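Q: I have a new structure to look at and have not seen it before. Can we go through it piece by piece?
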Amino acid sequence: MAARARASIASAAAVLMGWLAVDVPAVAQAPLFRSSVEQVRVDVSVTRGADPVAGLTAAHFEVLDNGVPQVVDGVSQEQAPLNLMLVLDSSGSLAGDPIAALVAAAQGLVRALRPDDRVGLLSFSQRITLQVAPTVHHADVLSALGRLSASGPTALRDALFAGLQLVPPDGDARPIVMLFSDGRDTASWMAATELEGVVRRSGVVLHAVELLGSSGTGALRPGAVSNDVVEATRRARARGRLVGISESRSLSRAVQAGGGRLWSAALPGQLAELFAEALDELRARYLLTYTPQGVAAPGWHEVTVRLKDARGDVHARPGYFVP
Amino acid sequence: MRLPLLLVHALVTCSAVSVAAQDGAVLLSVYRDAVRTYQATQTLDPARPLVGAWTRDEFETVTAAEARAGDRERIEAAAVFHLEIALGMAPSTPDGAMLHVRLGERLVGALAAGARGLFGRWYGVAASVFLAQSDTVRARQVLGRGLAAAPDSATLHLLTGAVEEIEAQRFEPDVAQDSAGSQAALLRNARTENEGTVRLTFAEDAYRRALAIDPDLVGARVRLGRVLFLRRRVADARATLERARADAVALQDRYLARLFLAELSASSSDTDAARRLLDEARAMAPDRQSAWLALAQLEERHGRPERARALVVEGLSRSASALVDEWWHYRNGWLDREGLAWLRARVHR
C-alpha cells in the first residue's frame, strides 16, 4: 500500500505540477528531489506590495491538500540553483527600441545569476528557435541575446509550450520559465483554451513580463501606449505593485496556474527594472515540503497555502494531479 | 518692336507644351528602358537606378502614356514590373507598394477583356503582396477591385476566403475573460466570438465560390475543411478534408490536409489517427515546425511528457533554418509564388 502511494505521488510529480513529489527511483520519469521520500514540494512566493517577504519559517505557513491540513516538513529559501528558460518574443512588433530594451533587460538578468544557475534561451516569432539549451555557461546566452532581431508574427503559446518542455522538473534545480511577450498570439498551433492546462501539468514555475499596448496589430513605440495604460501602470507602481493589469487574460491565468507572477510594463524602458524585480522575486521564493496525510492519492489535489502570523500575498501553483 | 500681348502668350504656351511633351517623351523612353532591362535581366536591380528617384506624378504620367499606347506586350511587362516594385516595398512602405499596385492596375486595365486570365493572376499576386505581410486591409482592397475585373477567378475567391479567415482568428475571444465572470467581459467575448463566426461564414462562402469555379483548386478545399471544423460541422469537415487529402498534389495542400485532419481526429478522441496523420506530415516535410509541435502537444496532453519533450527537441533542431511552414502561411498569409512565377515567365525575355 505504501509502495503504491509512493508511486502515485511520484508519478504525479513526474507528469505534472509545481507541487513536486520527491525521489522514487523506480519511476521512469526523473525524481525531483533526492533528499527525501513521499514528499510534495511547493514553490511559494510571498510578497508585500512589490517586495518579497523574507525570514518566514515553517510555523508561518498553513498548507491544505484537498482541504486537509498538512504538516510542513521544511522551508528553505535561496538554496536550490535555478534552471531557468528565457522564452523571449522577437516578433516584428518589437522592432526598434523594444527589442533593444528587451535584450538589455535579459542580459542584466543573466549577469545577475549565480554560477551554478542554469539558463537557456528560446526566442520566438512565428518560428521558435532554441538559441541556447539550459547551461551554466552564461556567456553563451549573453552572446545569443546580442544577436536577437525582431520580425514576423507571434507564436506565444507554442513557444511557451516548448519552453516548459525544455526545463523538466528533474534534479535539484528549480525549474522556471520566464516568458516575455508584447502581444497577442497570431501563429500558434495550440489553442488558447489549452494553455492553462499545459502550464498546470508542466511542474514548472511560470513568470511572465509583458509589454503592454501593442496587442493586435502594429508595432509598439514609446508614446503609442494608451494614456489609460500608462496611468494604470503609474498608479500600480505607486502602490508598489505591477501585477494584474495585463491585457492578456489568458496569459494571466497561465501564470497563475504556474504559481508565478506577471509583471507588466507600459514602456520598453521599464523592462530592465522589471526583469531585475523578477529575479529578486525568484531568489526570495520559499520551498515548502510536506508529506501528504489524509488525502487519497489519485486525481487532482487542490493545494492552498496561507500565512499564519505574517502578512503578505502568497503566489503558488494551485495544485497537482496524481494519475 | 513690341509684340502684341496675345502673340507673346501664345508663344510661351506653345513653348511650354513643347517642353512638357518633350519631357514626357523622355520619361516614357527611360521608363521603357527600365522595363526592358527588367525583362532582360529578370531582376529589378539594374532597372532601379533608371526610375528610382521618380515622383508619383512621373510614374502616373508614363503609365498613363503606356496604357494609351496600347502595346499589349509592353503593358503586360510594365504591369509585372510594378508588381515587383510593390513586392519589394510592402514590408517597409506599404503605401508606396499600394501606389505601384495602382499603377499596375491602370496598365492591366488597358488590356482587352479577353485578358481575364491574366487579370486573375495579376490581381492574385498583387493582393498576396499584402497578404504576405498579414496586411488584410490592403489585400482586401486589391481583391475587391480584382474581383470586379475578373469575377470568375477561383484564385481571387480563395484569397478572399483567406483574408476572412485570417481576420476571423483575430476575433478569438479571450478565454480567461469568460472565467472572470463579469457581465461586461462576457458581453465583450460574445461580441468578439460573433464577429469571428461571421468572418468564418464569409470565408466559407468564398471558398465554395472558388470551388464552384474550379473544383480542382485543392487549396480552397483544404481551407474550407478547416473552416467547417472551426464552425463545429465535424462530419462535413472530415469529408471535405479527406477529399482534399486524396486530391492534393502540391506539398502545401498535402501537408495542411494532414495537419487539419489530425486536429479533427484528436478532437474526436481518435488519438491514434491523429498521431498517424502528424507522422505523415512530418515525414513529407521534416523541416516544418508545426507538425512536430502539434504532435508534441498531442503527446503531452495524453500523459507522455518524455515523448513530447523529445519531439520538441528534435523538431526545433530540424526546423532551425527553415524559412517556410505551410501553417504559418495559413495563419498569417502568403505570397502567391506560383502566380508570380507564371507572370514572370510571361514577360521575361
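Q: How many bridges join E14(A) to E16(A), and in which sense do they run?
A: There are 4 bridges between E14(A) and E16(A), and the two strands run antiparallel. Keep in mind that this is a predicted model.

Q: Which residue stands opposite A:Tyr320 of E16(A)?
A: That is A:His301.

Q: What sheet do these strands belong to, and in what order do its strands come?
A: The sheet is open and has 4 strands of chain A, in the order E5-E4-E14-E16, with antiparallel pairing. Its edge strands are E5 and E16, the latter covering residues 319-322, and each of them pairs on one side only. Neighbouring strands are turned by 30° against each other on average, ignoring direction.

Q: OK, on to E4(A). How many bridges does E4(A) have with E14(A)?
A: E4(A) pairs with E14(A), residues 299-307, over 5 bridges in the antiparallel sense. One of the residues involved is A:Val63, whose bridge partner in E14(A) is A:Val305.

Q: And how many with E5(A)?
A: Here E4(A) pairs over 3 bridges, again antiparallel, with E5(A), which spans residues 68-70. A:Asp65 is opposite A:Val68 of E5(A).

Q: What about the hairpin of E4(A) and E5(A), how many residues are between the strands?
A: The hairpin has 2 residues between its strands, and A:Asn66 takes a positive phi near 50°.

Q: Which residues of E4(A) are on the covered face and which on the uncovered one?
A: A:Phe61, A:Val63 and A:Asp65 make up the covered face of E4(A), residues 61-65, while A:Glu62 and A:Leu64 are on the uncovered face.

Q: Why do the side chains alternate between faces?
A: That is how a regular strand is built: its side chains alternate between the two faces of the sheet.

Q: Changing topic. How many helices and strands are there in chain A?
A: Chain A has 8 helices and 16 strands. Of its 323 residues, 53% are buried. Among contacts between residues at least 6 apart in sequence, 73% join residues at least 24 apart.

Q: How many residues of chain A are in contact with chain B?
A: 26 residues of chain A are in contact with 28 residues of chain B. Strand E9 (128-135), helix H4 (156-166) and helix H7 (249-257) of chain A each supply at least two residues of the side that touches chain B.

Q: Which of them gives the most?
A: H4(A) does, with 5 residues.

Q: And what classes of residue does that side of chain A have?
A: The side of chain A that touches chain B has 14 nonpolar, 8 polar and 4 charged residues.

Key. Residues numbered from 1 in each chain as written. Chains lettered and ligands numbered in written order. Predicted model: local features only at pLDDT ≥ 70, side-chain atom pairs only at ≥ 80, totals over all residues. Buried ≥ 20, exposed ≤ 12 C-beta atoms within 10 Å, placed from the backbone. Pairing = 2+ DSSP bridges. Axes fitted to C-alpha atoms, helices over the stretch in contact; angles between N-to-C directions. Contact = placed C-beta atoms within 7 Å. Nonpolar A, V, L, I, M, F, W, Y, C, P; charged D, E, K, R; others polar.
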